[in-house]
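Please keep the viewer open as you go through the points.

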Amino acid sequence: MAPVVVKSGPTCAVIALKCPNIKVTIVDLNQSRVDAWNSSDFALPIYEPGLVDIVKACRGRNLFFSTDVDKGIQEADLIFVSVNTPTKKSGVGAGFAADLNYVELATRRIAAVATTSKIVVEKSTVPCRTAESMRTILDANSKKGCDFQILSNPEFLAEGTAINDLLSPDRVLIGSLQTPEGRDACESLANVYAHWVPKERILTVGLWSSELSKLAANAMLAQRISSINALSAICEATGANIDEVAYAVGKDSRVGPKFLKASVGFGGSCFQKDILNLVYLSESLHLPEVAAYWKQVVQLNEYQKRRFSKRVVDTLFNTITGKKIAVLGFAFKADTGDTRESAAITLIKHFQEERARVVVYDPQVVESQIWMDLSEASPDISLDQIKKQVSIAPSALEACHNAEAIVIATEWKEFREINWELVYANMNKPAFVFDGRLLVDVEKLKQIGFKVMSIGRGDTY
Ligand code: UDX
C-alpha cells in the first residue's frame, strides 16, 4: 500500500508499528513540530507514555514526518484529515459551533493537489454531516479521473493512555456512505485496523451515525462526571462520602464503575467542545429542550470549579488576600502535559481575583505553557502583573514551602507520595489541604496535623 498521510501522532505511530507493509507519513505545516518528531534525541512534541518507544521502532522504517504536505497528498492512497476543530470565537454559533476552517482548507488542498483517487478519512471531531461538505468541495474541485470516497473514523483514545487505547480499543468506528464504493472504502480502512484489532470490534456504520457517535460518547462520559460532581455537592452538605456513593452506584452492572470519580471538574480538549457542538446542533435542529439538557453538563462543570474555589476562601477564614496557596498540578489530568480547559487554570484565576499569592507546580507542563494559559484566562491583565501574584516552583516540596494551603488540581501519582511530614513542617499553621482529586490518604494527613478538605466529603478535619 502507498503512503498514508496523517497528522495524528499516536494513532499513526501505532498503525506504522502494527502494519509494517504500510508507509505512514505524518505531514504538518508547523516546522518546529515536525523537527521535534524527527529530533535525534526523540524529544517528541507531545508527552504520551509508550509513544517514544514506538517512534524509535518505526521512524525511518515506515513512519515519516514531513512538512511537504503536497507530496504527502500525492503519494497517499488514504488520507486522514486530523486538523483542529476549535470552538468558534466569533460569528454565527460563536462559543458553541466548531470552527471548520481548517477542515475546509485541508479538503481544498487535497482536491487541488491530488492527481489520483483517494480515500479521505475524517479523523477530527466534526459536527454531524461535515462529510457532506467535504464531499461537495472535493467533487467540485477534483481533476478528471480522481474519485474521492469519504469515511468518518472518529478517534476515541484518551490522553495519557493513548497507546494502550490504540493497541486494544473497545471499538474502532468507521462510517461510510452505504453505496458499493463507500462500502469498499470502508473495508480498505477496516483491513488496516484488522492487522491488530479483532474483527468484532471494528464497527461499520453510516457516515452520519459515525459522526454523531463521537459527540454522543464524549457527551455521555462528561455527563457521568457532572452527575457525580452534582452528587458531590450533596455529599459535602450531608456528610455522605462521594467515593462510597460512587462505589455503591457503580456496582450496579447497568451503571458500571468507570468515569464516576468526583473531581474539581473535567477538562481536556474534547468534552466541553463536543458538548457545545451538540448544543449548537440541537439548537440548529430546533430542539431547544435537547440543547438545554446537554448545556447543563457544561454549566455544572463550571459550577463545580466555582464551588471548590469558594470552599477554599470560606475555609481560610473568608479571605485569601496575600495568602500563599500552592497549586499542585496544572495539566487537565495526570500523565499528560496537555492543559487545554484544565480546571487548574480556572482555580488560579479565582485565586488571583481574591488577591492570593499562587505557586504552581506540575511535573510535565512547561513554564511557557502555564504563562500562556494564565494570560489567555485574564486578557485584561499583563503578564508582568500576573507574575506578581503567580510563580512556578520546580518541585511540589518547594511549591508548598511556607504556604497556607495546598490545592490538588491534578491527580499526579507523585502527589500521593510526597513527604507529607516534611511538607507539613514547612507550612504555616493551620496547614490546609484541599483535595480536588480525591487523591490523598485523608486519615494519614490528618494524623500528621493537616486540615483536609476533599471533594464530596463534609468537613473532614
Ligand atoms: C476524552 C475521552 O475519554 C476520549 O474517548 C475522547 O477520544 C477524547 O476525550 P481525554 O479528554 O483525553 O479523553 O481524557 P479523559 O480521561 O476522558 O478525561 C477528561 C477529563 O475528565 C479529565 O479532566 C479527567 O480528570 C476528568 N475525569 C475523568 C473526572 O473528573 N472523573 C472521571 O471519573 C474521569
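Axes here are lines fitted to C-alpha atoms, for helices over the stretch in contact, and the angles between N-to-C directions run from 0 to 180 degrees. With that in hand, note that this is a predicted model, and that its chain averages a pLDDT of 94.

**Confidence**
- A pLDDT of at least 70 is reached by 98% of the residues.
- The scores for the model are ipTM 0.98 and pTM 0.93.
- Where pLDDT is low, the predicted coordinates should not be read in detail.

**Overall dimensions**
- The C-alpha trace of the chain spans about 75 × 50 × 45 Å along its principal axes.
- A compact globule of 461 residues would have a radius of gyration near 23 Å, and the chain, with 24 Å, agrees with this.

**Helices H6 and H9**
- Two packed helices are described by the angle between their axes and the distance between the axes.
- For helix H6 (residues 130-141) and helix H9 (residues 207-238), the packing angle is about 130° and the axes are 9 Å apart.
- Angles over 145 degrees count as roughly antiparallel and 65 to 115 as roughly perpendicular, so H6 and H9 are oblique to each other.
- On the H6 side the contact is made by Thr 130, Ala 131 and Glu 132, which meet Leu 207, Trp 208 and Glu 211 of H9.
- Sorted by class, this contact of H6 with H9 has three nonpolar, one polar and two charged residues.

**Backbone details to check**
- Lys 429 and Pro 430 are joined by a cis peptide bond, with omega near -5°.
- Pro 430 sits in the loop between helix H18 (420-425) and strand S13 (432-435).
- Phe 259 has a positive phi of about 60°, although this residue is not a glycine.
- The loop that holds Phe 259 runs between helix H10 (242-250) and helix H11 (271-284).

**Annotated span**
- An unreviewed UniProt entry places the feature "domain: UDP-glucose/GDP-mannose dehydrogenase C-terminal" at residues 326-442.
- In the model, residues 326-442 are 38% helix and 16% strand.
- The end C-alpha atoms of residues 326-442 lie 18 Å apart.

Methods:
Residues numbered from 1 in each chain as written. Predicted model: local features only at pLDDT ≥ 70, side-chain atom pairs only at ≥ 80, totals over all residues. Heavy atoms only, no water. Helix = DSSP H or I, 4+ residues; strand = E, 2+ residues; numbered from the N terminus. Parallel < 35°, antiparallel > 145°, perpendicular 65-115°, else oblique. Contact = heavy atoms within 4.5 Å. Nonpolar A, V, L, I, M, F, W, Y, C, P; charged D, E, K, R; others polar. pLDDT = per-residue confidence, 0-100. UniProt positions renumbered as here; feature names shortened; annotations may be inferred. Rg over C-alpha atoms; globule rule 2.2 N^0.38 Å.
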